[in-house]
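Me: I would like to go through this structure with you, one topic at a time. Please keep the answers plain.

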Amino acid sequence: MSQQRWVRLSTEKPTSTVYVLGTELSLDVCGAAPAGATAFLVQKTLGVNYVVQDPQMSKIPSQVTRWPLHVGVEVMVTMHKSSWRVNDGKVTVSYYQANEETPVAAAVLQLTCVEISLDTDSSRSGTVTKRVTDKRKWTWGPEGKGAILLVNCDRDRPRTKGLDCQDEKVESEEDLKDMSVMILTTRGPADVFKKHQLVLHISASENDKVRAFQAQEGREVSQYKAVLGPRKASYEVKAGRDPETVFYVEGLAFPDVDFSGLVSFHVTLLENPSTVWRQTPRSGQYPATPIFSDSVVFRVAPWIMTPNTLPPRTVYVCSISDSDDFVDEVVELAESRGYSCLVEAVEELYRESENPGVVAEVCRLVRQTNDRDFVAAVSKLARESKNTDFVGALKELAWKAGCTLTVCEGEKNHGDRWIQDEMEIGYVQAPHKWFPVVFDSPRNRELKDFPFKDLLGPDFGYVKREPATDEVASQLDSFGNLEVSPPVTVRGQEYPLGRILIGSYISRTENREMFKVVRDFLYAQKVQSPVELDSDWLVVGHVDEFLTFVPAPDRKGFRLLLASPAACYKLLKQKEEEGHGEALMFEGKLDTCNQVKIRSLLADRDLRSSNEYFQKCIDWNRDILKEELGLTEEDIIDVPQLFMPEDPSGKATAYFPDMVNMLVLEKHLGIPKPFGPIVNRQCCLEREVRRLLEPLGLSCTFIDDYKAYHQKHGEIHCGTNVCRQPLSFQWWKMTMP
């Protein structure tokens, strides 16, 4: 429906007004009628159109010379072309008394037609679409309308300090490409725009969510002026010779608990009192009145996670040195201060060290070893902390998968190897471009500066959420506890971008859960509706310890892999029955005294009892995943895995390297080497995993992470991170429930 405006007429003097293309003027023919008038006649000049609407006439005669005058009759006036000069259109309403041929009075309306239109890429084609209808609404779906805005959260010029959206400058042409175009079109006589105000404005509650720059013709982009944004809710536009005024709009904030993501821009034509009334001493005291408004709406693009099934672009891993210098420092401290005060000395070293991850391990060693064994224990720890061979194996795997490997060196990771816990790499997308965005976790350990200092850059954005208080992060706030499924359909509802999986708790004495500010952010993105799982039965408490997804050529295009103590016991029992009960776990990896026979494992009632409990915890999550992801048993593969309880909590940690905590690079899988019993010259656990996964076209590479990761309560997935290609589905085409 066209925008309508009520116009009062007068028989005493001509009325002048501005008509805006695409609107309708409803003339107050009754209000201007003289006493005794019973009918009226409408006449107009070329370029003006009118329609008389009379609710009392069900059938309008083909030739009507006069219309009966009564309450309810309306004259609707339109024009279809901008005026060349002021008042070049005219409508005359003549009033008649009954049985009279001569009008008793006439009201003249002088019209000046102008074009005013605010336009964006509302059709989501990548270019601005002019003069569309329903610009005030933003709708989802394949046929949806409404523009899209990216949060300008990258840094296109390395010399700048923060994000591009944190200043009121356009840094470069590349910076401009991260923004969405909005065009204000104005056509008509220049005198009209000189005597009226044209104001671009946004709601005061939204002005901290967006910023608009006005393009300056013939100037460098760095001279573009920020006209709307924080502390700038309105801007008066001066119409120039060019009918199009171009604005570039950037998002400043992602959708969140207090922000739906929708932002509206309005342009309003204001009529000054002096242009319609006789100039008086008081006329300057009256504010201008609106006579036309046009609006467009943007939705800020959400942050989107990428599932394992997408092609990888870059794999990230931390390089951990052998810490020889650190060992020397510890030994010197021990000799100079004496072993009795070594804990305090090491803690002092912890505060000054560039490798605090190893120092924390040393603090534990101090309490577990006697003086004579301490130096040897520290030296062994330092040797086993390095991951040179592990990084080499990843490099080969990344080469097979056709992606690059980026190594975060020691001076940047400071001994923190858990790069999966530090960050999650997703992306943002608009019709005109996309770029990856790293979500920095609130764990704030030694890797805390890496996402901001090393990943943030040209077309690589950054976002972080952390509580405003000094509340300390728990293990559940690390992003090994944050995964996403591939696309699924659940009871007819499609989730074409998958669903986020968050580890939380069900009901325990000491409950842990992800910070509310992080969970609120994830829920507010809307397009990957989160599912909460129970992960608090684990020591570390991350969902990646018991599940992952791998691509598959059939069914839904993927399989869910679940760690399964039951499957492991079934396999080991089978091997015992085949006569391999003497085969050893950890053969060649641990000292002989720590190797375990299959027969002994099966006879360990305490371990079996613990794993029966852990299996129940996994089965509870299995039911949730089947319900919330629309899965059947055929979509799930049970991967043999045992856990063991850790004193005093009784929570689970992996008994042998946790094979579901793998790195998925399309068909190439980097799986923790389990060091299972050797049967017929092959690890029976590896053989079983190959049997389960290779028929899906997957290539299994088992990587030794035992000392560098497994013994520190993590595995390959925990120690790596991946930037992947975006999903092919465009998020704005989703059909929301």
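Me: What is the strand order in the open sheet of 3 strands?
Reply: The model is a predicted one. In that sheet the order is β29-β30-β33, and the pairing is mixed. The edge strands, each pairing on one side only, are β29 (547-551) and β33 (636-640). On average, neighbouring strands of the sheet are turned by 35° against each other, direction ignored.

Me: How many bridges join β29 to β30?
Reply: There are 5 bridges between β29 and strand β30 (residues 558-564), and the two run antiparallel. Within this pairing, valine 550 stands opposite arginine 559 in β30.

Me: Which helices pack on that sheet?
Reply: Helix α12 (residues 565-580) packs on the sheet and touches β30 and β33, its direction making about 70° with that of β30. Helix α14 (residues 605-629) also packs on the sheet, touching β29, β30 and β33. The direction of α14 makes about 165° with that of β30.

Me: Changing topic: how many helices and strands does the chain have?
Reply: The secondary structure comes to 15 helices and 41 strands. The chain has 737 residues, of which 55% count as buried.

Me: What about the accessible surface of the chain?
Reply: The accessible surface comes to about 33,500 Å², and 47% of it belongs to carbon and sulfur atoms. As for contacts with a separation of 6 or more, residues 24 or more positions apart account for 73% of them.

Me: Now strand β21. Why is it described as largely enclosed by the rest of the structure?
Reply: Strand β21 (residues 423-430) has 8 of its 8 residues buried, so it is largely enclosed by the rest of the structure. Both faces are covered: Met423, Ile425, Tyr427 and Gln429 are buried on one side, and Glu424, Gly426, Val428 and Ala430 are buried on the other.

Me: And how does β21 pair with β22?
Reply: The two strands pair in the antiparallel sense over 8 bridges. They form a hairpin with 2 residues between them, and glutamine 429 stands opposite tryptophan 434 in β22.

Me: Which residues of helix α11 are buried?
Reply: In helix α11 (residues 516-524), the buried residues are Val518, Arg519, Asp520, Phe521, Leu522 and Ala524. They pack against β22 (433-440), β23 (461-464), β24 (482-484), β27 (500-504) and β28 (531-534). Lysine 526 follows α11 and has a positive phi, near 70°.

Me: Where is aspartate 256, and is it buried or exposed?
Reply: Aspartate 256 is found in the loop between β16 (244-251) and β17. Its relative accessibility is 14%, so it counts as buried, the cut-off being under 20%. Not counting residues up to four places away in sequence, aspartate 256 touches Arg465, Asp520, Phe521 and Ala524. Asp520, Phe521 and Ala524 are among the buried residues of α11.

Me: On to the rings. How many aromatic pairs are there?
Reply: The count comes to 24 aromatic pairs.

Me: Which residues do ring pairs link into a cluster?
Reply: The cluster consists of Phe254, Trp303, Phe439, Phe479 and Phe521. Phe521 is also one of the residues touched by aspartate 256.

Me: Which charged ends sit over rings?
Reply: The charged end of arginine 155 sits over the ring of phenylalanine 452, 5.4 Å from its centre. The charged end of lysine 209 sits over the ring of phenylalanine 259, 5.3 Å from its centre.

Me: Last one: what does valine 18 touch?
Reply: Leaving out residues up to four places away in sequence, valine 18 touches Arg5, Thr112, Val114, Val192, His196, Leu269 and Ile291. Valine 18 lies in strand β2 (residues 15-20) and is buried, with a relative accessible area of 5%. The C-alpha atoms of valine 18 and valine 86 are separated by 8.9 Å, although the two residues are 68 residues apart along the chain.

Key:
Residues numbered from 1 in each chain as written. Predicted model: local features only at pLDDT ≥ 70, side-chain atom pairs only at ≥ 80, totals over all residues. Heavy atoms only, no water. Helix = DSSP H or I, 4+ residues; strand = E, 2+ residues; numbered from the N terminus. Buried < 20%, exposed > 50% of the residue type's maximum accessible area, 1.4 Å probe, protein only. Contact = heavy atoms within 4.5 Å. Pairing = 2+ DSSP bridges. Axes fitted to C-alpha atoms, helices over the stretch in contact; angles between N-to-C directions. Areas by Shrake-Rupley, 256 points an atom, 1.4 Å probe, with all protein chains shown as cover. Phe/Tyr/Trp six-rings, centres within 6.5 Å; stacked < 30°, edge-to-face > 60°. Lys NZ or Arg CZ within 6 Å of the ring centre and 35° of its normal.
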